[in-house]
Amino acid sequence: MKNGIVRFAALYVFNVAVLLLIGLLFSGVRVGFNALWAAVILTLAALFVKPVLGSAFRKSAAKSSASRTKVGEKTVQYALVYVVELIVWVLTVWLSGVRASGFWAFVLPPLILLFGWMIYDQFDDTLRAKAGEVYDTVSAKISKRSDAAASAPTPDSPATTEARQELNDGLTPEQRRMLDELG
């Protein structure tokens, strides 16, 4: 669970930055504050839709050509990744407040997303480690607060004191009194 939360948070922040960059670079794309919602869609798509589409496209490409060259294979891989990025971008525009107008507003942003996610993959382990540290620190602080509130000392009642003594020696107060009288 923690790994999923950390991965979502790190990718979300990175997607917000990439969306804002797309909004600045392309005049046909308006992002603005919609980048916050669009980043949620992009992040969910990157975590769930992108792997499914990528594997489906790879399987179909593997069936279609039995022998390929290295350059041809890389070209096919990049083309498939671009098609997946294009689908993710269209979903983002469709499901969020991001507006894209014109042919280039649909063709070029997936390239930026592709380059952005390539950069993200380079720093993914470092970002996850740092986000995990922050998550653990916040989680520890929250649990300390709840532990401190839950373990607030309360004065013991006489019945509690007697019950603790009984647990310690197994004797009832009457048996303890009788033993004390004996001796």
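Is Phe-8 buried, partly exposed or exposed? With a relative accessibility of 27%, Phe-8 counts as partly exposed, because that value falls between the 20% limit for buried and the 50% limit for exposed. Keep in mind as you explore that this is a predicted model. Here is a friendly tour, from the overall layout down to single residues.

**The overall layout**

- The protein has six helices and two strands.
- The protein has 183 residues, and 25% of them count as buried.

**The nonpolar core**

- The largest nonpolar core brings together 27 residues. Those with the most contacts inside this core are Leu-19, Ile-22, Val-29, Trp-89, Val-98 and Trp-117.
- As background, nonpolar side chains tend to be buried together in soluble globular proteins.

**Aromatic pairs**

- There are two aromatic pairs to look for in the structure.
- The rings of Phe-8 and Tyr-12 are stacked, with 6.2 Å from centre to centre and 10° between the planes. The pair counts as stacked because its planes are under 30 degrees apart.
- Both Phe-8 and Tyr-12 belong to helix α1, where they sit four residues apart, or about one turn of the helix.
- Phe-103 and Trp-104 make an edge-to-face pair, with centres 5.1 Å apart and 75° between the planes. Here the label is edge-to-face because the angle is over 60 degrees.
- Phe-103 and Trp-104 are both exposed.

- Leu-44, Phe-48 and Val-49 make a nonpolar surface patch of about 260 Å².
- Phe-48 is found in helix α2, which covers residues 35-64.
- Phe-48 has a relative accessibility of 52%, so this residue counts as exposed; the cut-off for that label is over 50%.

- Where is Ser-96? Ser-96 sits in the loop between α3 and β2 (99-100).
- Ser-96 has a relative accessible area of 6%, so it is buried.
- The Ser-96 side chain reaches the backbone oxygen of Thr-92 at 2.5 Å.
- A polar atom of the Ser-96 side chain also lies 3.3 Å from the backbone nitrogen of Val-98. You have met Val-98 already, among the core residues with the most contacts.

- Along the sequence, Leu-11 and Val-40 are 29 residues apart, while in space their C-alpha atoms are 9.2 Å apart.
- Pro-51 lies in helix α2. Its relative accessible area is 41%, so Pro-51 is partly exposed.
- Between Pro-51 and Val-84 there is a separation of 33 residues in sequence and of 9.1 Å in space, C-alpha to C-alpha.

- Pro-51, at 41%, is an example of a partly exposed residue.
- Phe-48, at 52%, is an example of an exposed residue.

Notes: Residues are numbered from 1 along each chain as its sequence is written. This is a predicted model: local features need pLDDT of at least 70, side-chain atom pairs count only at pLDDT 80 or more; totals for chains, interfaces and linings use all residues. Side-chain values use heavy atoms; hydrogens and water are left out. Patches are made of residues with over 30% relative accessible area and no salt bridge: like charges are joined within 9 Å, nonpolar side chains (Val, Leu, Ile, Met, Phe, Trp, Tyr) within 5 Å. Accessible areas come from the Shrake-Rupley method with a 1.4 Å probe; for residues, only the protein chains shown count as cover. A salt bridge is a side-chain nitrogen of Lys or Arg within 4 Å of a carboxyl oxygen of Asp or Glu. Buried means under 20% relative accessible area, exposed over 50%, partly exposed in between (1.4 Å probe, protein chains only). A nonpolar core is a set of buried Ala, Val, Leu, Ile, Met, Phe, Trp, Tyr and Cys residues joined through side-chain atoms within 4.5 Å. Rings of Phe, Tyr and Trp (its six-membered ring) pair if their centres lie within 6.5 Å; planes under 30 degrees apart count as stacked, over 60 as edge-to-face and the rest as tilted. A polar contact is a pair of N or O atoms within 3.5 Å; within protein, one must be able to donate a hydrogen and the other to accept it, and residues adjacent in sequence count only if both atoms are side-chain atoms.
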